[in-house]
Amino acid sequence: MPPAESTTADASALKAFVALAGAATWRKRVLHLGTQAQPGSLAGRAAQQRHMLELILARLDRPEMMAKAGRADRLVLGFAREVTGLARLLPDAGRKRLKAMLAEGLAGQANLIPLFHLVRTASLLRARGFEVRFDGLQDGADHDLRIERGGAVTEVVCETVSAEEGRPLHRGHWAMLVDRVNPELQTWLAAHPGRYILKMTLPEGVSDTAQLADLHTRISAMLADERRQDSSADAVLKLDPLVLAGAQAASDPQRGLPAQLRQVFGVEAHLAVTADPASGSVLVMAARSGRENAISQAVARRLAATAQARLSGRQPGILAVFLDDLEAAEWNSLRNTLELEGAVRRFLTEPVARRVVAVTCTTRQEFFGVGASVPEGELRFRNPGHPAAKHAGLEPAISSN
């Protein structure tokens, strides 16, 4: 059982968390997310995923939902309880820093992941026998945690990296494009029964709303003119009949088709399915950037910047990375291909990594204990070149994979 998981859901933990955040601030946030995370749109589903922690807590505010709380709900409540427990133990200045971190996670496009990643990391380390001190909150230190075991002291920095930093075509931009063009696709399908796939290659991705608007205009014009292809230096659009094997995909496009498309186009492709129930027609949009995703490289860049800025060098340092905005299939691919491991190990050979005794990587899959999760809660890579690697008392907690 993860350290924060309890067998029962406790309404008092939620009440204490809301009180710490501020009742008015929490209500405002819940209302805002309610307008963002509306069902029926790709952007709404993306918002639901990004703000899952807040939405779980908001849902559990209803007694009937608290009574039916599942494992993920209990985990979230457990970490919320750890946040409020920590607030009670901190001095005034530390409590002020914690409340500022909480307020930051409840504003704009931010979320609660950085704060919950901090308390989760501390919880895992305590369970492995370390004494944990929140130096960042208590003293304003650059590192977050100071851990000690067997006389060995280590600094820990908890960093959150969005997978979007390594994607030429952001998932958020893709969702906005799909929601813009989807009503037109449904109208077009009603007039053109059949099964189609609109394949898009976007050499440099889409980085702003002007590019989104231009791409939307090109798709609309292409369909209106009944053209099969539209090519330029910025994008190549091609409309073809959709031909896929499999009876399930033919009879139930909403269920069978996405899985088949993922097999054909791979984990990096952006996919969307528009169906016309009246005619049984389907139009699939599949987009790829002209460049491969560089999520692992984005993690390595952040590791280098964080080691330089937030580790003192006076003690061994651990960089604990939460990789957010990542689908389970992508996480599984990064692990199975050893792409992430290769990027981290290359970082550990760089001069700036002399301060780093180990790197850990975790995702929402580990946080909730579902899908393609790592059994021990995180990937762990020890720096074999660090002089303290074998003498810092970290072997049972930090091992090379």
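**Entry 1: Ser312.** I started with the accessibility of Ser312. Ser312 counts as partly exposed, because its relative accessibility is 27%. I kept in mind that this is a predicted model. Next I looked up where Ser312 sits. It belongs to the loop that runs between α14 (295-310) and β9 (317-324).

Which residues does Ser312 touch, once its neighbours within four places in sequence are left aside? I found Glu155 and Arg355. I then checked the side chains. Those of Ser312 and Glu155 are joined by a polar contact of 2.5 Å. The side chain of Ser312 also reaches a backbone atom: the nitrogen of Arg314, at 3.1 Å.

I also took a distance along the chain and through space. Gly290 is 22 residues from Ser312 in sequence. In space, their C-alpha atoms are 40 Å apart.

**Entry 2: Ala233.** I moved to another loop. Ala233 lies between β5 (229-231) and β6 (236-241). Is Ala233 buried or exposed? Its relative accessibility is 69%, so Ala233 counts as exposed. The cut-off for exposed is over 50%.

**Entry 3: positive phi.** I looked up backbone angles next. Most residues other than glycine have a negative phi. I noted two residues with a positive value.

Glu226 has a phi near 55 degrees, and it is not a glycine. I found Glu226 in the loop between α11 (209-224) and β5. Glu226 counts as exposed, because its relative accessibility is 55%.

Asp325 has a phi near 60 degrees, again positive in a residue other than glycine. Its loop lies between β9 and α15 (328-336). Why does Asp325 count as partly exposed? Its relative accessibility is 21%, and partly exposed starts where buried, under 20%, ends.

**Entry 4: helix α3.** I wanted to see a helix from the inside. Helix α3 covers residues 42-50. Which of its residues are buried? I listed Leu42, Gly44 and Ala47. Then I looked for what covers them. The cover includes α2 (23-36), α4 (52-59) and α10 (171-191).

An α-helix has 3.6 residues a turn, so residues three or four places apart point the same way.

**Entry 5: the whole protein.** I stepped back and looked at the fold. I counted 17 helices and 11 strands. The C-alpha atoms fill a box of roughly 70 × 50 × 40 Å along the principal axes.

How much of the protein is buried? Buried residues make up 49% of the 401 residues. I looked at contacts too. Among contacts with a separation of 6 or more, 67% are between residues 24 or more positions apart.

**Entry 6: surface and charge.** The accessible surface comes to about 18,100 Å². Carbon and sulfur atoms hold 53% of that surface.

For charge, I found 49 positive and 44 negative side chains. The centres of these two sets lie 4 Å apart.

Methods: Residues numbered from 1 in each chain as written. Predicted model: local features only at pLDDT ≥ 70, side-chain atom pairs only at ≥ 80, totals over all residues. Heavy atoms only, no water. Helix = DSSP H or I, 4+ residues; strand = E, 2+ residues; numbered from the N terminus. Buried < 20%, exposed > 50% of the residue type's maximum accessible area, 1.4 Å probe, protein only. Contact = heavy atoms within 4.5 Å. Areas by Shrake-Rupley, 256 points an atom, 1.4 Å probe, with all protein chains shown as cover. Lys, Arg positive; Asp, Glu negative; His and termini not counted. Charge placed at Lys NZ, Arg CZ, Asp CG, Glu CD. Polar contact = N/O pair within 3.5 Å; in protein donor to acceptor, adjacent residues only side chain to side chain.
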